[in-house]
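Work through the exercises below with the model open beside you. Try each task before reading its solution.

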Amino acid sequence: MFGPEQGHFALALACVLALVQFAVPLWGANRRDARLVGLAPYLAVSQLIALGYSFLCLVMCAVSDDFSVQNVAANSAVSKPLLYKITGVWGNHEGSVLLWTLILAVCGGAVSLFGRNLPDILRGRVLAILGGVSAGFQMFCLLTSDPFDRVFPAPMDGQGMNPLLQDPGLAFHPPILYTGYVGFAVPFAFAVAALIEGRVDAAWGRWVRPWAVAAWCFLTCGIALGSWWSYYVLGWGGYWFWDPVENASLIPWLTGTALVHSAIVVEKREGLKIWTVLLAIATFSFSLSGTFLVRSGILNSVHAFANDPARGVFILALLAIVIGGSLALFAWRAPSLTSTGLFSPISREGSLVLNNILLCSICAVVVTGTMYPPFMQLLAGRTISVGKPFFDAATIPLTLPLLLAMGVGTALPWKRAQLARTFSHLYAAAGIAAIGLVLCFWKLSGVLPIACGALAIWVIAASASDVLRRIGIGHTSAQGVWERMKHLPRSSWGAALAHIGAGITVLGLCGMSQAQHAIVEVHIGETRSLAGDDWTLLDVHDYIGPNYKAMQADIAIRHNGKLVTILHPEKRDFTTQSQTTTEVAIHTNFITDLYGVVGDRHGTGKDTTYVLRLHRNPLAPWMWLGGLVMAIGGAFSLSDRRMRIGAPKRAAARNMARA
Amino acid sequence: MTRKTRRLWIVIACLACVGSAAALTLRAFSSNIVFFMAPSQVKANPPSPDRTIRLGGMVMAGSLHRINENGTPVNAFEVTDGQAAVEVHYTGILPDLFREGQSVVALGTVQKDGGFTASEVLAKHDETYMPKEVADELKRTGKWDPRFGKAPDASSWDTMTAKKAGG
């Protein structure tokens with residue numbers, strides 16, 4: 001019922017359905033044949049069902065320990081807990097490609113179900129583009145990385161999974177991150193459909209924005225989760241390493257954030273149309289190249305490419321078709337799109353343009369920093385690398401004006417603003433930011449952390465004061481405030497929340513720039529102090545876990561003689577994989593993280609010493625908390641009535657009439 | 001505001017932002033690019049002590065020892081590419097995958113006395129795995145040809161060179 005052959009067949013079936021989903025609606029839309037176009041949603045849903053079945057088959061193979069399947073044998077083992085048998089399915093290349101296409105099919109299904117108010121032709125074309133992308137990647141899956149490949153003879157037990165990946169945070173990180181990546185396929189499909197149609201208007205902006213916001217929320221969560229994982233699993237006390245894999249998720253996040261903002265201008269003022277279409281194409285292109293070039297390591301090491309040339313060539317060809325094709329279409333059709341809305345530089349539109357320019361500049365810097373080393377390697381043969389110092393020096397100065405503009409932007413009216421009037425709304429926020437600046441001078445050291453900290457407080461204060469002003473705090477009665485609160489659009493609440501979240505994240509980053517750590521070698525009972533706390537190693541004992549041997553330390557932390565907490569960091573030795581992992585112990589009060597790691601044991605008897613690493617990380621949880629608040633803001637904005645049931649009608653329903 | 005003036009504003013803003021981004025990138029590149037060097041290259045022309053480099057090679061077997069500086073454990077080991085060896089000092093917990101006789105990449109600076117102070121040590125424990133830079137360096141110096149099996153033990157490289165030089 002759920003064997004690998006059935007799964008393989010379902011995958012092939014889904015691939016064929018996706019091809020039909022690509023060809024038929026496009027042809028139908030060209031011929032203005034409503035019946036052919038109307039097939040698109042049914043095709044999308046049946047493709048989703050076939051692919052869902054295929055994915056379920058792979059999960060069942062892993063759960064039932066079918067080691068005759070190459071993929072399961074290489075990545076699973078009998079002793080692995082059930083949860084990780086399931087999540088291990090997407091912990092490898094083949095499974096993750098399958099998950100990737102499954103999420104793409106889910107997007108197609110969602111457009112079919114929730115896109116009932118779209119004009120038929122536009123929906124048909126959007127689904128056709130999604131189907132085309134799906135078909136390409138399912139073919140990639142079938143031809144070069146088949147997850148259902150059998151192996152003969154079947155081994156008695158699998159090789160097991162990297163113990164580092166046996167972690168709940170990482171188990172759910174890829175699906176969320178992939179949903180973010182793949183979600184941007186929908187705005188991409190809308191952009192391509194609009195280019196084919198030659199029409200972008202306010203209604204298009206309104207349709208495309210919820211999809212962009214939803215994808216952005218998932219990507220934000222995915223990045224935050226990934227960063228949190230590296231903080232508490234890798235045990236280096238760091239949260240972001242600027243390595244290509246991380247940058248691959250940050251780049252589409254930056255352009256996606258720009259897209260979410262520029263789509264507002266299309267929706268409200270019919271401006272920035274060409275730019276928004278280009279951003280939608282760019283965001284998905286970055287997502288694609290991010291997942292498949294950087295994550296698969298093709299770009300980083302020539303080895304990955306040489307080991308499996310078919311795979312690399314296929315992926316490059318696929319990327320060339322999708323990205324090159326859409327950009328060629330853009331170059332051909334974009335000049336026919338004209339903007340109508342006029343605005344002065346000091347206006348809401350103007351601030352959104354500035355936001356876009358700054359975000360794209362930061363993105364350009366990150367792309368340069370990520371791509372320069374492999375290109376240097378390829379062209380000049382010199383091995384170089386760029387890391388945190390480069391990215392800090394190049395991106396933070398560009399973030400400062402962005403933060404400054406974030407506070408002002410939401411307070412500006414559309415079309416034309418009077419600066420004096422706008423600033424009169426921002427006195428309170430500016431006052432709070434000034435207090436924040438003093439606070440930052442007192443608490444933080446370094447010019448950039450102080451500036452960033454004060455600006456983050458400014459963003460939070462300005463966003464909060466903007467909402468308070470709109471609901472009339474201080475101007476109207478309590479009854480009036482309540483009425484206004486109810487009538488303020490949820491998207492305004494969402495925007496304010498998202499901006500506050502960004503401020504919280506930046507504050508967390510500023511706090512982390514002041515992190516302190518010490519590496520000590522101590523006997524049992526010895527005490528060391530770090531930044532006002534006394535850390536005492538109480539005891540170390542060994543125990544045996546389900547599939548590992550562990551050494552656990554008890555470290556007591558006292559502040560002015562009062563016990564704060566006892567940390568239990570561990571070092572685990574996985575015997576089957578002969579691999580060691582470090583289990584960090586973290587105590588948090590949401591202001592400061594106390595972070596302890598136990599290292600090697602040296603000597604014997606009375607002379608036994610242990611190496612410990614102790615970290616004090618101020619405001620660390622705020623980084624991820626801010627990400628969560630940003631995503632909640634996005635979700636709030638998604639729940640806006642306008643987005644859900646707005647059912648916008650186009651100015652003139654030409655398409656319907658002609659169809 | 002006419003379409004033309006608005007366009008002018010946008011173009012000016014774009015140029016200003018992209019220009020400053022380019023300037024920042026170039027400035028950051030000039031001071032923050034980290035070059036990969038093999039021990040023999042470090043010995044031949046040592047980089048200035050304020051320049052961070054990535055030093056790659058094999059950890060010489062039997063070279064790892066620990067120095068305790070006022071309760072701070074310092075790991076000292078030698079990294080070799082077969083022609084020269086550099087003593088690396090690293091304060092901290094060595095990665096779980098660090099082994100003698102296996103490849104390692106250390107990030108840090110070369111001191112005036114020729115020693116190397118690492119701020120970060122990266123290692124990967126695997127029979128076949130070797131950082132690409134290390135593998136290239138070994139192939140370049142003729143210590144290892146991947147067609148004839150896996151890399152020789154790091155501790156033997158110096159003697160291999162010495163023999164060649166002598167004979």
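Angles under 35 degrees count as roughly parallel, over 145 as roughly antiparallel, 65 to 115 as roughly perpendicular and the rest as oblique. Axes are lines fitted to C-alpha atoms, for helices over the stretch in contact, and angles run from 0 to 180 degrees between N-to-C directions. Helices (H or I, at least four residues) and strands (E, at least two) are DSSP runs, numbered from the N terminus.

This is a predicted model, in which local features need pLDDT of at least 70 and side-chain atom pairs count only at pLDDT 80 or more, while totals for chains, interfaces and linings use all residues. Residues are numbered from 1 along each chain as its sequence is written, and chains are lettered from A and ligands numbered from 1 in the order in which they are written.

**Exercise 1. Two helix pairs**

Task: state how helix 20 of chain A is oriented to helix 21 of chain A, then treat helix 5 and helix 6 of chain A likewise.

Solution.
- Step 1. Helix 20 (residues 490-512) and helix 21 (residues 620-638) of chain A pack at about 170 degrees, with axes 7 Å apart.
- Step 2. Helix 20 and helix 21 of chain A are therefore roughly antiparallel to each other.
- Step 3. Their contact has 18 nonpolar, 11 polar and one charged residues. Here Ala, Val, Leu, Ile, Met, Phe, Trp, Tyr, Cys and Pro count as nonpolar, Asp, Glu, Lys and Arg as charged, and the others, Gly among them, as polar.
- Step 4. For helix 5 (residues 93-114) and helix 6 (residues 120-144) of chain A, the angle is about 165 degrees and the axes lie 10 Å apart. Helix 5 and helix 6 of chain A are therefore roughly antiparallel too.
- Step 5. The residues in contact include Leu104(A) of helix 5 and Leu130(A) of helix 6. Two residues are in contact if their C-beta atoms, placed from the backbone, lie within 7 Å.
- Step 6. By class, the contact of helix 5 with helix 6 of chain A has 14 nonpolar, six polar and one charged residues.

**Exercise 2. Strands of chain A**

Task: give the order of the four strands in the open sheet of chain A and name its edge strands.

Solution.
- Step 1. Two strands pair if DSSP finds at least two bridges between them.
- Step 2. The order is 2-11-10-9, with antiparallel pairing.
- Step 3. Strand 2 and strand 9 (585-588) of chain A are the edges, each pairing on one side only.
- Step 4. Strand 10 and strand 11 of chain A pair over nine bridges, and Tyr595(A) has His615(A) as its bridge partner in strand 11.

Task: how many residues lie between strand 3 and strand 4 of chain A in their hairpin?

Solution.
- Step 1. Strand 3 (residues 527-530) and strand 4 (residues 533-544) of chain A are antiparallel, with four bridges.
- Step 2. Two residues lie between them, and Ala531(A) in the turn has a positive phi of about 50 degrees.
- Step 3. Another hairpin joins strand 4 to strand 5 of chain A through four residues.

**Exercise 3. Chain A against chain B**

Task: which element of chain A gives the largest share of the side that touches chain B?

Solution.
- Step 1. The contact involves 36 residues of chain A and 30 residues of chain B.
- Step 2. Helix 14 of chain A gives the largest share of chain A's side, eight residues.
- Step 3. That side of chain A has 21 nonpolar, 12 polar and three charged residues.
- Step 4. Strand 1 of chain A is joined to strand 1 (residues 34-37) of chain B by two bridges, and they run antiparallel. Ile384(A) stands opposite Phe35(B).
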